[in-house]
Amino acid sequence: MLRLPPFEYLRPAGLEEAIRMRADAGPAGQFVAGGTDLWPNMKRRQETPAVVIDIAALPVLRGVAAGPGGGLRLGAGLRLSEVESQRDLLAAYGAVAHGASTISTPLLRNMGTLGGNLLLDTRCNYYDQTFEWRRSIDFCMKKDGDTCWVAPGSPRCWAVQSSDLAPVMVALGAEVTLRSTAGERSIPVAALYADDGMKFTTKRPEELLTAVTLPAPDGWRAVYRKVRRRGSFDFPVLGTAVWARLAGGGPEPLVEDVRIVLGAVGSAPLRARAAEDLLRGKPLTEEAMRAAGAAAWKPAKPMDNTDLTLGWRKDVVRPEVARALAELL
Amino acid sequence: MAPRKPGKVVGTAYLKVDGPDKVTGRTLFADDLALPRMLWCKLLRSPHAHARILAIDTAAAAAMPGVKAVLTGRDLPTPFGILPVSQDEHALCPDRVRFIGDPVAAVAAETEEQALEAAHAIRVDYERLPEIDSVQSALRTPEPLIHDYGDAGNVHKRIHLEFGDTEKGFAEADEIVEQNYFFEGNTHLPLEQHASLAVKTPDGKLCIWSSTQTPHYLHRALTKVLGMPAAHVRVVACPNGGGFGGKSDPFNHEIVVAKLALLTGRPVKIGLTREEVFYCHRGRHPTLMSVKAGVRRDGALTALHFRTQLDGGAYGSYGVASTYYTGALQTVTYRVPRYRFEGLRAFTNKPPCGPKRGHGTPQPRFALEVHMDRIAERLGLDPLEMRLRHLQPANSLTANFLQVGSMGLGKCLEEVRERSGWREKHGKLPRGRGVGLACSSYISGAGLPIYWNALPHSGVQLRLDRSGGVTAFCGATDIGQGSDTVLAGCVADVLGIDPLDVRVVTGDTDLTPVDLGSYSSRVTLMMGNAAVEAAERARALVAGAVAEKLGVPAERIALEDRRVFDLEDPAKGMTFQEACIAAEAKHGTLGTVGSYTPPRSPARFRGAGVGPSPAYSYQACVAEVEVDPETGEVKVPRIWIAHDVGRAINRTTTIGQVEGGVYMGLGEALMEEMAYRGNRGVVHKFPSMLEYKSPTTREMCEVETILVEDPDPNGPFGGKEAGQGPLLPVMPAVANAVFDAVGVRVDEIPVSAPKVLKALQRLAAGQEGRYGPAGLPAADYGEVTRVLPPWEGGDGRDMKKQEVGAGGVRGHIPGGK
């Protein structure tokens with residue numbers, strides 16, 4: 001079987017100790033919560049931290065509390081199975097609960113966490129492989145090599161942001177809280193991500209993501225749709241999150257404001273701004289939905305590094321965005 | 001001769017003998033075994049698809065902590081392979097690597113981690129060679145040779161057979177229908193990863209426990225490579241956590257741990273990773289095909305011409321047989337009066353292909369059944385009624401001299417027509433929904449063994465004693481298909497006891513008589529017949545002793561419900577145990593044997609070894625699909641499948657085999673692909689269970705299974721196979737249903753969303769609504785062997801030999817049209 005490399009395992013008693021341990025470990029350190037991303041990556045030698053700090057048991061990371069201005073503050077250590085079944089989320093943040101329910105398998109959702117999903121390592125068919133496999137391609141830019149095999153002339157890595165909750169949180173305008181020995185800061189989830197397969201987050205390595213704050217449910221609606229090969233297990237090959245404020249009832253309400261965010265088509269969640277501009281201030285007709293789909297299709301640039309063909313992954317952006325908009329109603 | 005009539009066991013849903021252990025986790029698979037002082041083995045594999053080995057330096061590895069032995073190709077110089085004509089593998093590559101994953105060196109160490117670290121410390125210098133990644137590139141690149149044998153350049157095998165004058169057949173046709181098809185390679189994906197544990201016993205002999213479907217052939221390979229007397233090698237086949245053909249070859253890792261155990265004197269174990277299982281492969285050959293059919297207006301075939309090109313991967317494996325199988329069974333379902341087959345297999349720098357469930361027949365069956373759908377469409381006929389009209393008759397010879405016995409395909413078609421509501425659905429469902437039909441057939445065991453000889457294919461020994469206990473010994477291997485349960489059931493049925501009263505000892509070359517292995521759907525028929533023979537002999541011993549005791553003629557003795565009694569006065573009798581005591585007292589120590597050798601095939605031409613079988617199973621399948629016209633995504637909510645099993649020995653396990661076949665077929669139909677990267681050597685794209693897509697429970701459809709029981713004279717109690725046939729019709733049924741739903745043809749497996757969408761986009765643009773290959777690369781299939789079909793006076797031999805041979809050989813062919 002695949003075996004883990006040797007490493008030092010630390011289990012802090014509290015948040016402060018966790019943060020100190022991480023600072024002490026320096027670049028050789030790594031936090032682990034559910035471990036559903038890190039342990040397999042370590043078995044494949046994609047990551048080889050010398051010190052692993054296990055924060056899974058810290059109760060402070062697993063709470064659900066009222067957030068500022070009527071929002072909701074979720075501990076980053078909440079299990080995904082808790083997120084998908086949490087009563088407040090089901091009542092007011094259906095897109096969040098649904099997004100969590102589409103991740104991986106029920107068993108892995110019992111281990112994987114909210115924060116872990118947002119910080120999921122970017123994925124690529126040239127990278128998510130064993131050491132032996134990667135050696136056979138002479139490794140890649142993201143780990144142990146120089147070239148990005150997805151686009152060999154490219155100066156950057158094209159690994160894919162494959163979190164289901166990332167586009168949802170960006171669309172909702174949620175915030176994350178990051179904490180280190182230097183203190184605490186909160187940033188919009190949109191600012192957490194960077195469009196680079198290797199340096200895909202703006203979080204400093206020693207920072208711990210402690211909480212996610214959702215905005216107050218004051219009349220907006222949101223949906224999430226996931227395209228993947230199978231009804232379980234698979235990472236998205238396209239995630240579509242739509243948030244909107246609609247005015248007036250009826251079958252074709254007016255779009256006051258809208259955010260459309262695509263997941264799994266780049267190294268960061270992608271805002272489909274042209275599609276949003278088409279919709280804003282206009283009635284949400286079937287024709288408008290189709291036009292928005294076409295506008296979102298343009299900036300989506302999937303690369304050949306996930307399941308299914310890149311042409312198809314781009315093509316399905318049109319119907320998926322239109323269908324997500326239709327689901328708002 | 002009519003088959004034996006079932007008693008109280010056969011045909012019921014009796015408990016699977018290994019069921020309780022399996023569901024409670026007590027079954028010991030090879031990877032569960034551990035012995036004191038056991039060492040762990042790791043293999044170092046090639047990172048290059050094609051390269052010469054210039055030098056190997058193992059000094060650093062040998063000096064590492066915990067390392068007890070390091071092997072390279074020099075230590076195991078003798079080649080091996082499953083087929084006598086393809087002895088082209090080495091346990092460790094001596095001078096050349098042929099695919100990424102080919103093993104080069106092995107380490108035995110105290111822990112698996114130490115073995116891995118040491119393997120990484122071995123230095124190998126390679127000189128890279130041009131890489132061949134497809135049939136097309138193999139045909140284009142005759143040099144350098146991947147192997148120094150084969151029919152031409154990198155073409156491993158060429159076949160060209162013609163039964164009757166097909167040109168004449170095409171001239172008699174009202175319509176000619178031609179098309180090209182492609183079936184992508186896919187793999188077995190057993191849940192159990194291969195594992196082996198070898199030990200040198202105190203008397204200097206070798207014992208190996210392994211996840212193998214073919215202990216007999218592993219026994220042969222170990223004997224050959226290690227140079228040990230066969231009698232000093234013991235192979236124990238552990239229960240397999242799924243085989244599907246992927247554990248049918250003798251494997252390099254098995255030979256390596258055996259050698260390491262002999263060398264170190266300590267038990268040595270290996271457990272392959274999932275990635276390494278992908279490198280063992282031996283799965284479905286990627287196959288390009290062209291089909292030309294001549295048909296009359298009523299759908300009757302006048303001639304059929306099939307061409308197949310198989311991408312074989314880096315070694316021979318079963319490939320020669322696989323290639324013949326792509327042309328063998330087209331003739332057993334519908335009447336084919338004239339038939340021509342051209343096939344070739346090329347060597348490429350990929351993990352070797354071999355026998356996956358259906359072995360070489362799913363690819364041409366897909367092409368043929370989609371082609372039949374096309375023919376019906378062209379002629380304006382219902383594809384089901386058209387097939388029904390032109391079935392190959394029971395008890396007949398085909399154009400290529402296959403002897404068909406019982407033939408329940410007509411009944412299968414009628415069953416699925418009624419159950420699926422075919423008449424109300426086909427061509428009548430709203431856009432996006434559709435139904436498709438396909439038929440198929442499979443052998444119940446190959447008529448000829450891999451090593452041609454006059455020996456039995458299966459043997460069963462029975463031991464009975466005063467305890468009333470019965471033990472059945474057989475070399476057959478339970479790979480989850482339920483062969484242990486079939487063995488217990490056949491014996492129990494004849495002896496009038498419960499299957500759980502029978503202790504089964506199987507798959508152990510020291511303890512059990514030879515059975516050739518769990519491949520070619522042979523076990524139920526062959527082992528079953530041997531078991532019935534052994535049990536009938538035991539029954540005679542027991543009945544004879546009881547008859548003597550009761551003072552009645554032996555013919556009046558019945559065995560039933562664990563009693564042995566007088567049929568005319570059932571109260572007069574004794575328990576089965578008392579009967580065994582009486583029999584042991586009369587005859588001495590009790591033991592009987594039974595064996596089975598298939599009937600000789602009437603085919604005599606070169607290449608006639610593949611296709612003949614004692615009996616053929618038949619299937620008809622209707623798939624219902626939902627196609628998203630905007631994305632091309634296909635869902636299969638329901639499948640109806642009727643399977644002519646001759647006689648179900650155990651109803652539940654038979655249905656289990658049918659449902660398992662449908663599940664695997666659905667994966668092939670919709671998503672499974674052994675795909676490779678071309679830009680970095682020929683590396684497997686995603687050797688993992690996450691990215692090699694195979695259906696989950698979410699994709700599995702509802703299955704309605706109908707068992708059709710048309711007892712075959714050659715089967716035990718009339719029984720035929722169930723393990724492979726039911727997979728075959730699923731892929732074409734799904735493809736045909738997609739056409740019914742949205743009007744496009746995907747002439748490729750898998751029928752994945754991107755292909756369906758592409759075909760839909762072409763249709764919308766006014767082009768042909770089709771996704772599939774344009775043609776086959778030009779190739780030479782070698783000199784043709786012509787054989788006259790039975791109805792044209794053929795005697796099963798090459799026409800040249802028939803003319804040269806004794807005059808007047810054109811005798812009566814039974815069953816000929």
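Colleague: Which residues in α15(B) meet which residues in α16(B)?

Modeller: First, a caution: this is a predicted model, in which local features need pLDDT of at least 70 and side-chain atom pairs count only at pLDDT 80 or more, while totals for chains, interfaces and linings use all residues. Residues are numbered from 1 along each chain as its sequence is written, and chains are lettered from A and ligands numbered from 1 in the order in which they are written. On the α15(B) side the residues are Leu541(B), Val542(B), Ala545(B), Val546(B), Glu548(B) and Lys549(B), and they meet Ala579(B), Cys580(B), Ala582(B), Ala583(B), Lys586(B) and His587(B) in α16(B). These residues divide into 8 nonpolar, 1 polar and 3 charged. Contact is a matter of C-beta atoms, placed from the backbone, lying within 7 Å; helices (H or I, at least four residues) and strands (E, at least two) are DSSP runs, numbered from the N terminus. Ala, Val, Leu, Ile, Met, Phe, Trp, Tyr, Cys and Pro count as nonpolar, Asp, Glu, Lys and Arg as charged, and the others, Gly among them, as polar.

Colleague: And at what angle do those two helices pack?

Modeller: Helix α15 (residues 523–550) and helix α16 (residues 576–587) of chain B pack at about 90 degrees, with their axes 8 Å apart. They are therefore roughly perpendicular to each other. Axes here are lines fitted to C-alpha atoms, for helices over the stretch in contact, and angles run from 0 to 180 degrees between N-to-C directions; under 35 degrees counts as roughly parallel, over 145 as roughly antiparallel, 65 to 115 as roughly perpendicular and the rest as oblique.

Colleague: Switching to sheets, what is the strand order in the open sheet of 4 strands in chain B?

Modeller: The order is β18-β26-β27-β30 (chain B), with mixed pairing, where two strands pair if DSSP finds at least two bridges between them. The edges are β18 (433–443) and β30 (702–708) of chain B, each with a single partner strand, so one side of each is left without a neighbour in the sheet. From one strand to the next, the twist averages 15 degrees.

Colleague: In what sense do β26 and β27 of chain B pair, and which helices pack on that sheet?

Modeller: Strands β26 (residues 616–627) and β27 (residues 634–644) of chain B pair in the antiparallel sense over 9 bridges, and Tyr618(B) stands opposite Asp644(B) in β27(B). Helix α17 (residues 651–670) of chain B packs on the sheet, touching β27 and β30 of chain B, and its direction makes about 130 degrees with that of β30(B). Helix α18 (residues 730–742) of chain B also packs there, touching β18, β26 and β27 of chain B, with a direction at about 160 degrees to that of β18(B).

Colleague: Zooming out, how many helices and strands does chain B have, and why would you say its radius of gyration agrees with a compact globule?

Modeller: Chain B has 20 helices and 34 strands. With 817 residues, a compact globule would have a radius of gyration near 28 Å, and chain B has 27 Å, which agrees; the radius is taken over C-alpha atoms, and the globule rule is 2.2 Å times the number of residues to the power 0.38. Its C-alpha trace spans about 85 × 75 × 60 Å along the principal axes.

Colleague: Is Pro355(B) buried or exposed, and what is it in contact with?

Modeller: Pro355(B) lies in the loop between β15 (339–346) and α10 (362–379) of chain B, and with 28 C-beta neighbours inside 10 Å it counts as buried. A residue is buried if 20 or more other C-beta atoms, placed from the backbone, lie within 10 Å of its own, exposed if 12 or fewer, and partly exposed in between. Leaving aside neighbours within four places in sequence, Pro355(B) is in contact with Gly245(B), Ser248(B), Arg282(B), Tyr318(B), Ser322(B) and Tyr519(B).

Colleague: Where does chain B touch chain A, in terms of helices?

Modeller: There, 29 residues of chain B are in contact with 24 residues of chain A, and α3 (112–120) and α19 (753–764) of chain B each supply at least two residues of the side that touches chain A. The residues on that side of chain B divide into 12 nonpolar, 6 polar and 11 charged.

Conventions: Two residues are in contact if their C-beta atoms, placed from the backbone, lie within 7 Å.
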